[in-house]
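Here are a few comments from my pass over this model. Have it open while you read.

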Amino acid sequence: MIKDSKILKLFTLPGTDKVRSVSPFAWKTEAMLRLSSLDFEKEYVADLSKMPKGKVPVLQHEEKLIADSSLIQRYLKETYSFDLDKHLTNEQKAIAEAFRRMTEEHLYWIGVYNRFVDPIGKPFMMKAMFDGMPIEQAEAIFAVLQEGAKNEMYGHGIGRHNQSDIYAFGKADLDAINDYLGTKDYFFGDELTSIDVTIAPVVANLILTPIDTEIALYARTKANLVAYIERFDRAVFGE
């Protein structure tokens with residue numbers, strides 16, 4: 001590991017089973033830190049209101065707190081010269097940016113719908129988040145989280161559609177990722193780049209979370225996407 005004067009700390013959310021974090025963005029950031037070979041430690045966050053922007057991931061380095069996975073990626077590049085994309089052409093970088101925005105600003109929200117709005121997702125989320133808590137309290141907290149998710153999705157625009165249309169949008173996103181990946185190991189060939197670190201956690205949260213919604217079942221029909229996230233996990237985490 002590369003040693004720093006003060007160890008980096010990643011504030012994150014836990015996962016369940018094969019899902020390394022329920023936040024794809026936190027999962028993405030942990031993957032970047034693993035690939036960077038920087039020495040870091042994790043701390044799970046119970047109260048997101050204590051985070052600078054009310055969300056994770058947050059990276060602490062000395063007195064600095066860097067919130068947002070893309071800003072953390074930039075910080076690692078500027079501070080440690082860690083850049084997974086230095087060998088890419090400008091055209092490839094442009095393609096990667098377009099897929100990043102589609103994945104993080106569109107497909108991600110369909111994953112939120114999959115967990116918090118589709119009734120099929122509720123039993124898993126209740127168990128994953130509130131196991132052991134009195135049911136009345138758990139129901140009340142889930143209702144608040146669900147309402148917050150609905151409001152955010154409505155503001156985004158995706159939440160103004162019905163379930164059938166939302167999942168159709170998600171299937172189109174998955175098709176685009178699947179078709180561009182094709183038979184390649186990673187998005188641009190044999191080497192991992194930052195777009196793989198972006199896409200894999202979002203797709204994995206659909207495929208690996210044991211929720212049998214329409215969009216999750218569809219994602220699991222994409223054999224090369226299933227193999228892709230398994231290959232990504234082995235390359236990054238060695239397991």
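1. Ground rules. This is a predicted model, where local features need pLDDT of at least 70, side-chain atom pairs count only at pLDDT 80 or more, and totals for chains, interfaces and linings use all residues. Residues are numbered from 1 along each chain as its sequence is written, and side-chain values use heavy atoms, with hydrogens and water left out.

2. Largest pocket. Its volume is about 1,400 Å³. Pockets here are open sets of points on a 1 Å grid over the protein atoms alone, with protein on both sides within 12 Å along at least five of seven lines; a lining residue has an atom within 4 Å of a point. The volume is the space filled by probe spheres (1.4 Å) set on the points. There are 43 lining residues, and L13, V22, S23, L48 and Y108 sit closest to the centre.

3. Who builds that lining? Two or more residues each come from α1 (24-36), α2 (69-80), α3 (90-116), α4 (122-130), α5 (135-156) and α7 (194-208); helices are DSSP runs of H or I with at least four residues, strands are E runs of at least two, and both are numbered from the N terminus. The largest share is from α3, with 11 residues. By class the lining splits into 24 nonpolar, 10 polar and 9 charged residues (nonpolar is Ala, Val, Leu, Ile, Met, Phe, Trp, Tyr, Cys and Pro; charged is Asp, Glu, Lys and Arg; the others, Gly among them, are polar).

4. Second largest pocket. This one holds about 430 Å³ of space. Its lining has 17 residues, with Q73, D85, E97, R100 and S194 closest to the centre. Helices α2, α3 and α7 each give two or more residues to that lining, which counts 6 nonpolar, 4 polar and 7 charged residues.

5. Strands. β1 (residues 8-12) runs antiparallel to β3 (residues 58-61), joined by 3 bridges; pairing takes at least two DSSP bridges between the strands. K9 is partnered with Q60 of β3. On to β4 (residues 64-67): β3 pairs with it over 4 bridges, again antiparallel, and H61 stands opposite K64. The β3-β4 hairpin has 2 residues between its strands, and E62 has a positive phi near 55°.

6. Helix α7. Of its 15 residues, 14 are buried, meaning under 20% relative accessible area with a 1.4 Å probe, protein chains only. The length checks out too: at 1.5 Å a residue α7 should span 21 Å, and its end C-alpha atoms are 21 Å apart (the expected span is 1.5 Å times one less than the number of residues).

Terms used:
Buried < 20%, exposed > 50% of the residue type's maximum accessible area, 1.4 Å probe, protein only.
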